[in-house]
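Could you walk me through this protein model, from its overall build down to the ligand site?

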Amino acid sequence: MSCFRLENVSYRYSRSPVLTGIDLALEPGEILGLFGHNGAGKTTSIKLILGLMTPQQGTVSVLGGTAGAPEVSQHIGYLPENVMFYPQLTGSEILNHFARLKGASLEQVPRLMEQVGLADALHSRVKTYSKGMRQRLGLAQALLGKPKLLMLDEPTVGLDPVATADLYRLLRTLRDAGTGIVLCSHVLPGVEPYIDRAAILTGGTLKAAGNLTALRRQANMPVVLSVIPADGNHQLEAAVMGSGLNASVTQKRNGSLRIEVAPLQKMAMVRRLLATGEVRDLDISEPTLEDIYVHFIGSGGLAHRGGVQ
Ligand SMILES: Nc1ncnc2c1ncn2[C@@H]1O[C@H](COP(=O)(O)OP(=O)(O)OP(=O)(O)O)[C@@H](O)[C@H]1O
């Protein structure tokens, strides 16, 4: 049973469509990164899965049932983008309150606070919490009731790098225990090792979805070889230019060469370079998730990154 399945989903708030023909699914034990510029439709997608809104076209099924149905919603954890709590209450009081609303056991509250690194702040009022602590309290709230589907909207906002890495590690533990997780973000640095698949939204459509290998194949972006010549650079440039391969070469100030080559010709190029006997060292850089994101979003998407539509 999929955690959720969107089939040919379109949604519009008023006139202009926000999502058009979206097909996307999440399986248990999987972390999906949902990426897109400001206003791309990430939160709208989450709201459709939560059943807060109904699409004008297409179907949304969640945990084998209907989005928004009480028997489905009790198995969903959700961390909204701008999490707010009543400042006079303590962390423990807040989680107890949400646990009652969700019909979850109150006994898990101290353990959850410990899991998100807030054990010492259990009985402190939220007004004394830092931004990162409030964000972690939001995560603990989302984890109440051991959700089968966890949806996190910009979960790393306000977290320092150590807390961000802690969060990703915690998500991996939950994933390994079978939880399906959606991580919505426009912050890509650092997230790559922690997600199983990425979905890239722009202009209301899903531009690409898959694991990094599949996305790299789809993007067909060049691989970059950084070569340090052994002794001067006599034949290397000529070897690249005369290779007949789809490649370009530039010499950097420090004398090293930057060679861009089509992904399927990477090994052929490496063999040619090594055959010159002039390679002292060689580094291979595949496109990162950020490179792939920029590739699919394109300049039109980048123009929207400030939220301009
Ligand atoms: N309640 C609403 N009424 C009308 N338009 C809305 C509403 N909520 C969102 N929109 C519009 O829908 C589009 C998608 O918004 P959404 O919040 O889903 O984007 P997002 O990808 O989550 O953006 P961000 O990264 O900035 O949070 C935007 O153009 C936004 O202005």
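The report below moves from the whole chain to its sheets and then to the ligand shell.

## About the model

This is a predicted model, in which local features need pLDDT of at least 70, side-chain atom pairs count only at pLDDT 80 or more, and totals for chains, interfaces and linings use all residues. Residues are numbered from 1 along each chain as its sequence is written.

## The whole protein

The protein contains 10 helices and 14 strands. Both are DSSP runs numbered from the N terminus: helices are H or I with at least four residues, and strands are E with at least two. Along its principal axes, the C-alpha trace spans about 75 × 45 × 35 Å. Of the 309 residues, 35% are buried. Here, buried stands for 20 or more other C-beta atoms within 10 Å of a residue's own, exposed for 12 or fewer, and partly exposed for anything in between, with C-beta atoms placed from the backbone.

Two residues are in contact if their C-beta atoms, placed from the backbone, lie within 7 Å. Among contacts with a separation of 6 or more, 69% involve residues 24 or more positions apart. An unreviewed UniProt entry carries the annotation "domain: ABC transporter" for residues 4-228; such annotations may be inferred rather than shown by experiment, and UniProt positions are given in the numbering used here, with feature names shortened. Over residues 4-228, the chain is 31% helix and 29% strand, with its end C-alpha atoms 49 Å apart.

Two strands count as paired if DSSP finds at least two bridges between them. Angles run from 0 to 180 degrees between N-to-C directions, and axes are lines fitted to C-alpha atoms, for helices over the stretch in contact.

Strand 9 (residues 197-202) runs antiparallel to strand 10, joined to it by 5 bridges. Within this pair, Ala-199 stands opposite Ala-209.

Another open sheet has 4 strands in the order 12-13-11-14, with antiparallel pairing. Strand 12 (247-251) and strand 14 (279-285) each have a single partner strand, so one side of each is left without a neighbour in the sheet. Neighbouring strands here are turned by 20 degrees against each other on average, direction ignored.

Strand 12 pairs with strand 13 (residues 257-261) over 5 bridges in the antiparallel sense. Ser-248 stands opposite Glu-260 in strand 13.

## The ligand shell and Lys-42

There are 15 residues around the ligand, and Tyr-13, Asn-38, Lys-42, Thr-43 and Thr-44 come nearest; a residue counts as near if its C-beta atom, placed from the backbone, lies within 6 Å. Helix 1 supplies the largest share of the shell, 3 residues.

Lys-42 lies in helix 1. Lys-42 is buried because 23 other C-beta atoms lie within 10 Å. Beyond its neighbours within four places in sequence, Lys-42 is in contact with Leu-34, Gly-36, Cys-184 and Leu-201. The C-alpha atoms of Lys-42 and Asp-153 are separated by 8.2 Å, although the two are 111 residues apart along the chain.
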